[in-house]
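Take a look at the chain below.

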Amino acid sequence: MQKRFLKIAIVGIALILIVTYQVFDLHRYLSLEYLKSQQDSFQEYYRNHQFATLAAFFISYVAVAALSLPGAAILTLAGGALFGLVPGFLLVSFASSLGATLAFITARFVLRDSVMNRFGERLAVINDGIRREGAFYLFTLRLVPIFPFFMINLLMGLTSMRTSTFYLISQLGMIPGTIVYVNAGTQLAKLDSLSGILSPGLLLSFGLLGVFPLIANKALEVIKTRRTLSRWKRPKSFDYNIVVIGAGSGGLVSSYIAAAVKAKVVLIEKHEMGGDCLNTGCVPSKALIKSAKAMSIAKKAKDFGFKSTLVDFNFSDVMERVQRVIKTVAPHDSVERYQSLGVECIQGEARILSPFEVTVNNRTITTRNIIVATGAAPIVPKIPGIDLVQYLTSDNVWNLRVQPKKLLVLGGGPIGCELAQAFQRLGSQVTVVDMAESILSREDEDVSRLISATLRHEGVTLINGAKAKRFEVDAQGKRLVTESSKGEQKIEFDEVLLALGRSARTKGFGLDELGIKLMPRGTIEHDEFLRTNIPNIYCVGDVAGPYQFTHTAAHQAWYAAVNSLFSPIKSFKADYRVVPRVTFTDPEVATVGLTEREAKEKGIAYEITNYGMDDLDRAIAEDDTHGFVKVLTVPGKDTILGATVVGAHAGESFIEFVAAMKHGFGLNKILGTIHPYPTFSESNKYAAGVWKKAHAPERILAFLEKFHTWRRS
């Protein structure tokens, strides 16, 4: 209560002072005309009462800055006119910084709590940036006032920046501008208006003022880099421009980009080229899913006009086909191909000795930059008895040649759902156990319900809201004991597949010894340029996060390669504004941008447009009518905030929404685009049509109805 009263008192006092300033027309004293007319009188008074004049000027400037009143520029000129360049600069410099800090403190005390309560999540992101680079951001804004200074004072007060940091950076950052304006004030007698400040000499000063932030930015970056790297001995020359560790998607693209711009690059991989995606992830899983899809179609023979279809198959043959697919794709990621592109490839276990040295196969090589692309490994939880059951993961499930009769899948995320459906279709009895209340918990409830219903219809047993308590193995077989609100439950199985996510590979190759910082989730901490806390070591892909997709690893790789090669001359911030994802169940789930769940959590206003696949001719013809298109748009506009497509080939058809969000066109443009008939991509156009119908201009249509009636008369 006392704090609230104090806030009201502070606001009241500030309002009284501002109203007094306006009512008594005090701003007339802060004009160039008044300043010039009284210049001789001011200087006479200053000669007779130096201390009083200095004190009055200082207090007045602090008050104007603290209350965010107009007139600071005139007072700065007055400082130069009255006191000369050096004394005027010192007075204005300290007064402006003190006034700004008072405004900063006031905004923090009066407004910060209420703003945090309402916008806490968004402010948390800003505070994270302030924590890492806030001082430099403020310094840059002080050098070039892109925003009015009073706005900077108030907004910074809402952040977590320390008061001492704010004062010190403000003091330093405003020095160049203060010197320019105070110097202009020394020439006050020659000025007819504020535009007169822009004499050739002063124009040069302002030009340098504009360029200075860029120079300061690069200088500070170089100083920061050199200071960080000063702990290690820098070689006189380097063997390579870049050493890339890990030959998955991120490592392959990084090395390819570097070689394409004629940099000398070496790619080190301790296992197989292509990484997880080729050997244990995307490629083998999609091959298995396709075989399972063929079996599913065969089981629905009567739906397609056949009396019966008998499929005779051997599970081991299906798994051998998966290996053949891997071998067919492998040349795309092979040593031979990348060496032909100019990349030196080394098979071996890399270890980072310093930011400039990497050892592999008893060979030490020097490099200007290092890109860490070591990927992630399946998470293995510490469940009692887990070591007794010889568990499967996405790494070793492809070694199976005997089909499990009863397969237990721990985890109802994308990997768990994809493989559960595939094994069920091939004849296993699959049970999925997940701690969340629904599978695919990242997606909206309607998506989760549809996929859950599909899996259950195909015979998969789904157990949600259950925690794995322990594994039991005895002569009767293997069991998982789960615990939920319904009590304990025992689930028998032949094989268990762990699909609980993946953890970044950061151990065993020198990151700990170098002091590379990690995020709470175990990924490597990095900035928007993909630099770690050691500025010439970059990271991409699963080891970097925040997304664990092959396509985002490749996306990050371009930024890491270019930034490592051309920094500090030019650097690019990684762009995550539009990140699509696909879950390859049947039907597929393709999402880009906001889901409805995320929009609600973030408090973002939206409209929803739905279109059902059961209305689409191509889906009807192929008996693939399960699914829908859901688009989130800005209320009253066709601007797309997010889109989810559930249906056959959703991963291909929804790319139109990805392009729309990336390049800024909306549903009207999609509606006006010719889509070939009959295709699944038509669903995008029909969804846009549903939106258009809901936003039809009723007044215009009513007028047109009257117009056409008149023409018929």
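Two strands count as paired if DSSP finds at least two bridges between them. With that in mind, take E357: in β6, its bridge partner is T366. The model is a predicted one.

## The chain as a whole

The chain holds 26 helices and 21 strands. It has 713 residues, and 45% of them are buried.

Start with strand β4, residues 351–354. It pairs with strand β5, residues 357–360, in the antiparallel sense. Three bridges join the two. A hairpin of two residues links β4 to β5. S354 stands opposite E357 in β5.

Next comes strand β6, residues 363–372. β5 and β6 run antiparallel, joined by four bridges. E357 therefore has a partner on each side, by the two-bridge rule for pairing: S354 and, in β6, T366. The hairpin of β5 and β6 has two residues between the strands. In that hairpin, N361 takes a positive phi near 50°. Side chains in a regular strand alternate between the two faces of the sheet.

Helix α13 covers residues 282–299.

Helix α25 covers residues 682–694. Its 13 residues reach 19 Å from first C-alpha to last. That is close to the 18 Å expected at 1.5 Å a residue. Its buried residues include N684, A688 and W691. What covers the buried residues of α25? The cover includes the strands β19 (607–612), β20 (628–633) and β21 (640–647). It also includes the helices α22 (650–653), α23 (655–663) and α24 (667–671).

## Rings and charges

How many aromatic pairs does the structure hold? There are ten. One of them is F471 with F493: the ring centres are 5.9 Å apart and the planes stand at 80°, so the pair is edge-to-face. This pair links distant parts of the chain, 22 residues apart. F471 is in strand β11 (residues 467–474), and F493 is in strand β13 (residues 487–493). Both F471 and F493 are buried. Elsewhere, ring pairs link Y547, F549 and Y576 into a cluster.

Charges meet rings too. The charged end of K264 sits over the ring of Y240, 5.0 Å from the ring centre. K570 lies over the face of F572, at 5.2 Å from the ring centre.

## Cysteines

A disulfide is a covalent bond between the sulfur atoms of two cysteines. How many disulfides does a search of the whole structure find? It finds zero.

Are C282 and C539 buried or partly exposed? C282 has 29% relative accessibility, so C282 counts as partly exposed. C539 has a relative accessible area of 0%, so C539 is buried.

Key. Residues numbered from 1 in each chain as written. Predicted model: local features only at pLDDT ≥ 70, side-chain atom pairs only at ≥ 80, totals over all residues. Heavy atoms only, no water. Disulfide = S-S within 2.5 Å. Buried < 20%, exposed > 50% of the residue type's maximum accessible area, 1.4 Å probe, protein only. Phe/Tyr/Trp six-rings, centres within 6.5 Å; stacked < 30°, edge-to-face > 60°. Lys NZ or Arg CZ within 6 Å of the ring centre and 35° of its normal. Expected span 1.5 Å × (residues − 1). Contact = heavy atoms within 4.5 Å.
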